[in-house]
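Thank you all for coming.

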Amino acid sequence: MKGRWVVVGISAAALVPVLALLLLVLWMGFWQNGPGEPIVYTLNHYRNIFTDSFTYKTFLNTVGFATTAVLVSLFFAVPTAWLVERTDLPGKNFIFVLVTLGALLPTFFTAMGWVFLLHPRIGIVNRFFVDLFGLQQAPFNIASISGMGWVEGLGLSSIAFIMVVATYRTMDPSLEEAARVHGLGIFRTLRYVTLPLTFPGVIAASIYVFTIALSAFEVPAIIGMSNKIFTFATFIFYKIQPLEELPSYGVAGAVSTVLILLALLLSWSYFRVLRFSHRYAVVTGKAYQPRLIELGPKGWLLAWSFLGFYFIVAKLLPFLLLIWAALLRYFQPPSWVALSQVSLNNFYGLPWKLMLQGAGNTLILMLTVPTLTLLICLAISWTVLRSGLRGRLLFDAVAFLPHAVPHLILAIAAMFATLFLLHNAFSLYGSLTILIFVYTISRISFATRILNNSLAQIHPELEEAAFVGGLKLLQVMRKILVPLLKPALVYAWIWMALLCYRELTMASVLVTSQNNVTLPMIVWGLWLGGSLNQAAAANLVVLAFMLPAVLLYFIFGRRSRVTEVA
Amino acid sequence: MISISGLSKRFHTGDHAVAALRAIDLEVGRGEFFVLLGPSGSGKTTLLRSVAGLEKPDEGEISLNGKIVYSRSRRISAAPEEREIGMVFQSYAIWPHLTVAENIGLVLTHGRSKMSKKSAVEQIRRSLELVQLENFEDRPARLLSGGQQQRVALARALAVNPALLLMDEPLSNLDARLREEVRANIKKLATQLGITVLYVTHDQVEAMVLADRIAVMAHGEILQIGNPFELYRSPANALVAEFFGSINWLRGKMLDANHVETECGVLCVADSRRCDGAVIVGIRPEDVRLERSSNEDENRIEGKVMSSTFLGDQVIAEVKIGEKTLIAKAPPDDREPSKTVSVHLPKGRLVVFTEPAAP
C-alpha cells in the first residue's frame, strides 16, 4: 500500500531530527574550539567538568532545588487529591479545575511575584520584618536553593496533583470499602490500605516531578541567575550566552550530555515504578462512586483552610504582588506614600510595538505548532499501533525522547545547527521557522501519548471495515480515525496551544531578534534588563491575552482527559 | 435481624435524578439466607450497600440486630465500621499489597475486635480452614487465582464473626464449574455457622439454590418476596414470572370469575386474582401437556406441532393453536409427536394478570 509508506515516512521524517539533535549535543561536547574554526576533538570538557568544584556545587544545587520542588509539590498535591477524590468536600469540581489550570500558569509569572515578596533586599515581607524588629539581615531569602525549590514546587504541584488523582481513580474503591465494613475507621483505612496502595503512584509522580525540576529553567533563570546561583539548566544557558567571555559550546555540550543521561535514567526508573503501581490497579467495570468520607463542618473548615493557603501562596499572592509592582515606578512595600505614587505609567511605557510583534508571532506559534504536532503524531501513533511494521516500537521509543531530554538542550542543539551547520543552506537562525520546528519536536512525546491512548481504544475492525469497503489508508484516516479521535485531538490541540503561549525555556535560546520575538521573551527581556516594574506590567498584559485561550479550553477541551497529561 | 422501612435513594447524574430505591420495606430473620434478585439497575446492589453503610440513603430507616444504623428522621447514619458485618465484594477487594494472612489479620487486629497479634494467628488459621485454604498464609494475595481470592474474601468476612454477612455477586467472576462448587460451599458454611446472609445476584438459579427467601427487585422496587417455590408457582406479576424461566403469554378478557376468553379459546382458570377486563394468561412450557387422545378434561384444545427439538432429557415443541404459537416441553419418549395433538392447559397452572403489566 502506498498510503502506508506515506504515513510511516512522515513519522520517520519527524523522528530523525530528534535523534539528529541529540547526536549533535553529544558531538558538541567534544569540540575543542569554537565553530567556524577547523574542528579539533578533545576530552578536556569532560575532564574539566568532572574536576571542577563548580560543577559539583551546581550538581548539589540542582539536586537540592529539585528535591525541594518534589517535597513542596507533594505537600500540596497529595492532600488536595485525596480531598477531591475521596471526601464530600463541597466545591470539588471547582478545586479540580483551578488546580488543573494552575499547570498552565507560566512559572516565570509566579517566580517574579515571589521575588517581590521574599527577595532579601526588596521583598515586602523581608522589609516588614527588618523594619519591625530592626533586624540586620532579611529573615527570608527567595534567591536561595530552597527558595527557588519552593517556587518551582508550587508550579509543579498541579502536575503532581493530576498524577496522584489518576492513581486514586485507577484504584478499586472496594479495596477501601472492604477495610471500612470490616471495622477499620477512616484513619486506619487511610494508613493501612489507601496510602500503601497509592504509594507507588506517588513515588512515580515524585520521579516525574524531579525529572522536570532537574532541567527546569524559568525559576532558576528569573530568581537565581542574577544572584549567581546556578542549576544545570542556567549553567548551560550561561555557557552559551555569557555576559563577558566567549560562548563555550563544548562545555555546554558536555554538561548537556550528562544531564540527558541523568534524565533518561530517571525516566527509565519512572516507568519501572509506574509498572509496579499498575499491578495494584484493578479495573472493576463497576461504575459506582466510592463512599465519600464525610468530613463534617469542622473538617470542611480545616480542608478549606489548607486549600485556601495553597491557592493564596501558589496563585493569589504572586498575582497581587505583580499588580502592585506594575502600578509603581520603584518597587516598595505598600504604604500611604506608595499608594499616592500608584499610576498606569508602566503600562503606557511598555514597548507596545514590540509587544504587538510578539503577540503576532506567539499567535502564529499557537496555531501552527499544535496542528503540525498532531499531524505528525497521528502518523507516529498509527505507525506504532497499526502498521505492523517491524521496528515500530523504535518509533515509540524515539517519540518519547523529547519528554526525557530537557527542552533547553533541544533548543541549544537546534540553535547550534542553524548557526554553524545549516547557515550556508538555510538562514534559519533567529527565524520564526526554527521556533516552530523546535516547539513541535518538543511536544511530540506529549501528543503521541495522548493519541496512543485514544487510538488503542478504537477497535481496529472499524478501520478494517473501511478498507474492505474500498477506502484508501489516507481516506480511512480522514473519514474514520480523525472523527473518532476528535475529542482527544481537540483537547491536545488546545493544551499544546496554551503551553506554546507560555513557553520561555526554548525561546530564551532561540529568540535572537525582533523577527521571532515572543510575548514571554519580552517580559523576560525587561526583567533581565532590570526594569522589574515594567516586567510586572508586561506580565499582566501577557496574562490578559491568555484569557481567551483559557476560555476556549474550558468550552472545548475540559474533560476528565486532563488526567492523561501525566 | 435486618429491618428496613421506607428506604429511598436517588442518584444524580448531570441534570436528572434516577431513583435507585423507592420506599423499600424488608424484614430478614435471624439465620436466614436472604437473596436480593434482579436485573442490573434494579437497585439490589444499592440496597446491599445501604445496609453496609457504603451508600447513604435519602429516606427511611435501617436497623441491624435491633440497633438503628440509619434513620433519616433521627439523623442517624452509622459509619460502615460501626456496623457489625462481614462483606464479600464482587471484585473480592483482596488487598494486593498484603499476604493472605495479613489480609485477614488486618481486620482482626485493627478492626472492631482489636485482637492481639497472637490470638489473631489462631483465628486466621481457623477461618482459612473454613474455606479450605490451609497453608496459604504467607502467599502474596495478588498471586492468587480468582477462585482463591474469592475464598480469602469469604474467610476475611467470616473471620470477624459477623452477625450478618453481605455478599455482592460473589460468584459472577468465576467460571461455571467453579461457581457450582463454591455455591454449594457457601450454602454449607451459612447453615453450619447459623449466620444471617444477605446475598445479591442476578442469576435466578443461584438464587433458588441458595435462598431461604428471595426478594425480586426491578426499577428500585421489591416486586415480590417469597421462597423459591412460591415465586415460581405463584408469581405476583408478569415481571416476576418472566424472571423465573420462560413462560407463554396469552391475551384475553375475563368472562366471569373463572373463565377467560383467550386467543386459544375460552379457558377455565383457578386463580384469577380478582382481575377483570383485559388480562394476560401465562403458562410455563413444562405445563403445556401434549396428548394424542382427547379426554374429557377442561382446557383442552386442538393444536398442530410445527417443530420439535430433541434435547436428550426433553423435547421442545412449537405448537400452533389458531394464530398463536405456544412453546411446550414434553418428555423425551415422545420423540415424534403426531402433527395434530390435543393440548391440555391444566387450570391450576395458569396464572392471570391484568393486561397493563403485559411484557
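This is a predicted model: local features need pLDDT of at least 70, side-chain atom pairs count only at pLDDT 80 or more; totals for chains, interfaces and linings use all residues.

**A walk through the two chains**

Let me start with one residue, A:Leu372, which lies in helix 16 (residues 352–385) of chain A; helices here are DSSP runs of H or I with at least four residues, strands are runs of E with at least two, and both are numbered from the N terminus. Residues are numbered from 1 along each chain as its sequence is written, and chains are lettered from A and ligands numbered from 1 in the order in which they are written.

Turning to chain A as a whole, we find domain 1 (1–33 + 349–516) and domain 2 (52–343), with bounds that come from an automatic or database domain assignment. Their C-alpha centres lie 28 Å apart, and 18 residues of domain 1 of chain A are in contact with 23 residues of domain 2 of chain A, where contact means that the C-beta atoms, placed from the backbone, lie within 7 Å. On the domain 1 side, the largest share, 4 residues, comes from helix 18 of chain A.

Next comes the meeting of the chains, where 23 residues of chain B are in contact with 22 residues of chain A. On the chain B side, strand 7 (85–88) and helix 2 (100–110) of chain B are the elements that give two or more residues.

Finally, chain B has an open sheet of 5 strands in the order 2-1-4-5-6, with antiparallel pairing; two strands pair if DSSP finds at least two bridges between them. Strand 2 (16–28) and strand 6 (76–77) of chain B each have a single partner strand, so they stand at the edges, with one side of each left without a neighbour in the sheet. Strand 1 (residues 2–13) of chain B runs antiparallel to strand 2 of chain B, and 9 bridges join them; B:Phe11, for instance, has B:Val18 in strand 2 of chain B as its bridge partner.

Key
Two residues are in contact if their C-beta atoms, placed from the backbone, lie within 7 Å.
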